[in-house]
Amino acid sequence: MNIPLMNLKAQYAKIQDEIQQAVNRVLESANFIMGPDVAEFESEFARFCRAKHCLSVANGTDALTIVLKAFELQPGDRVLTAAHTFIASAECISHAGGVPVFVDIDPQTYLMDSDKLEAKVKELKNRNIPVKGIVAVQLFGQPCDMDAIAAIAERYGLFVVEDAAQAHGAEYKGKRVGGFGAAATFSFYPGKNLGAYGDAGAIVTNDDKIARLAEMYRNHGRARSMKYDHEIEGFNSRLDTLQAAILRVKLKYLEDWNAIRIQNAAIYNSYLRDVPEVTLPVVAMNAKHVYYVYTIRVPHRDELKKHLEANGIATGIYYPLPLHLQPAYRYLGYSRGSLPGTEKAAVEILSLPLDAEISREEISYVCAKVADFFRK
Ligand SMILES: *Cc1c(COP(=O)(O)O)cnc(C)c1O
């Protein structure tokens with residue numbers, strides 16, 4: 001057996017004809033920048049998120065940076081986020097002129113702990129340090145406790161941005177991610193629940209002002225259709241027409257593929273429930289989890305990873321070194337022990353192969369190999 005973490009080749013085989021038609025249509029039109037598929041994709045993805053606006057951009061990191069720019073951070077302004085995430089969740093804060101502050105996670109869900117978030121905000125306020133916002137990372141496929149985060153934001157006058165790069169279609173209290181806070185950002189990196197065939201991203205918002213700013217920032221500060229009128233300095237961060245056309249094909253399947261991911265996670269749970277060393281993923285209260293990754297927690301994680309690899313099973317670690325311990329953030333002065341929940345998770349978590357392509361036989365094989373390892 002040879003089981004990849006996610007099987008993009010098998011996914012492509014299922015939709016090959018449709019993708020090739022879409023790609024050919026764009027190639028024949030020779031309309032590669034801001035062609036009609038871009039605006040079509042944006043309105044379709046906004047509808048999927050049940051939000052008013054979607055502005056596509058070149059990748060998920062730019063989506064975050066552009067949204068954060070809208071809040072006009074001043075030097076020294078703090079924005080809180082998790083350390084148990086991809087670096088883009090924090091890079092955007094620095095790139096927008098602020099300083100990231102890392103909050104520990106709930107050890108069950110791996111999501112930012114809202115009590116710890118509030119404690120941190122209080123502590124900063126007490127020290128007269130300016131705090132402006134929160135980047136809530138909807139990690140692994142499920143949303144943070146958005147009511148608690150909204151209440152904290154309201155109490156202390158902070159903005160909330162959702163980093164929803166891993167949570168296309170996830171819900172909190174029946175409402176889709178993308179509709180909480182001032183704006184949400186998505187990545188369509190190839191392996192994400194909705195993935196392009198290259199880099200791609202989007203900003204989703206119900207706020208007209210943020211939508212207008214995002215539209216300018218992603219395209220050199222241009223107001224729409226004004227080729228050489230630049231109201232502000234922006235970026236070159238447009239989504240290619242080709243990627244938009246590909247994303248339009250794949251968006252039609254996203255709902256079904258998410259449903260299969262959820263079923264596959266349930267199959268994993270049913271097999272792994274009997275292995276006492278394995279802590280299964282926990283679905284947060286009020287959350288619909290769409291399983292960007294299926295992550296277990298185990299003792300002897302690195303040995304288990306080697307054992308699975310020796311048996312042809314690919315695994316992932318999201319994330320092995322938390323952001324507060326990364327060399328890039330050494331200047332912030334964190335050390336080991338600063339965020340114990342995050343640090344403990346980093347050495348125990350392991351993501352097993354999961355997507356809409358993996359078969360029940362493959363899942364059963366993976367689980368048998370996990371069980372074998374702990375029996376020895
Ligand atoms: C993938 C990802 C991003 C960034 O997306 P890119 O499209 O690769 O720039 C941001 N945040 C999180 C949590 C991600 O997983």
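User: How many cavities of 30 Å³ or more are there?

Analyst: Start with the general idea. Rolling a probe the size of a water molecule over the atoms shows where empty space is left. On a 1 Å grid over the protein atoms alone, a cavity is a set of points where a 1.4 Å probe fits but cannot get out; a pocket is an open set with protein on both sides within 12 Å along at least five of seven lines; lining residues have an atom within 4 Å of a point. Grid points are joined across faces, edges and corners, and the volume is the space filled by probe spheres set on the points. By this rule there are 2 cavities of 30 Å³ or more. Keep in mind that the model is predicted: local features need pLDDT of at least 70, side-chain atom pairs count only at pLDDT 80 or more, and totals for chains, interfaces and linings use all residues. Residues are numbered from 1 along each chain as its sequence is written, and side-chain values use heavy atoms, with hydrogens and water left out.

User: Which residues lie nearest the centre of the largest cavity?

Analyst: They are Leu8, Gln11, Arg261, Asp355 and Glu357, out of 17 lining residues. The elements that give two or more residues to this lining are H1 and helix H8 (241-272). Helices (H or I, at least four residues) and strands (E, at least two) are DSSP runs, numbered from the N terminus. H8 gives the largest share, 5 residues. The volume of the largest cavity is about 110 Å³.

User: What classes of residue line the largest cavity?

Analyst: First, the classes. Ala, Val, Leu, Ile, Met, Phe, Trp, Tyr, Cys and Pro count as nonpolar, Asp, Glu, Lys and Arg as charged, and the others, Gly among them, as polar. The largest cavity has 6 nonpolar, 6 polar and 5 charged lining residues. The second largest cavity has 5 nonpolar, 5 polar and no charged ones. Its volume is about 50 Å³. Its lining includes Phe140, Gln142 and His289.

User: Is phenylalanine 140 buried or exposed?

Analyst: Use the cut-offs: buried means under 20% relative accessible area, exposed over 50%, partly exposed in between (1.4 Å probe, protein chains only). Phenylalanine 140 has 4%, so it is buried. The residue sits in the loop between strand S4 (131-137) and helix H6 (146-156). Look for histidine 300 in the loop between strand S11 (294-297) and H9.

User: What is the volume of the largest pocket, and what lines it?

Analyst: The largest pocket holds about 400 Å³ of space. It has 22 lining residues, and Phe86, Ser187, Tyr189, Lys192 and Tyr319 are closest to its centre. Helix H3 (60-69) and helix H4 (88-95) are the elements that give two or more residues to the lining. H3 has the largest share, 3 residues. By class, the lining is 11 nonpolar, 8 polar and 3 charged.

User: Where does tyrosine 319 lie?

Analyst: Find it in the loop between helix H9 (301-310) and helix H10 (340-348). Check the backbone there too. The peptide bond from tyrosine 318 to tyrosine 319 is cis, with omega near 10°.
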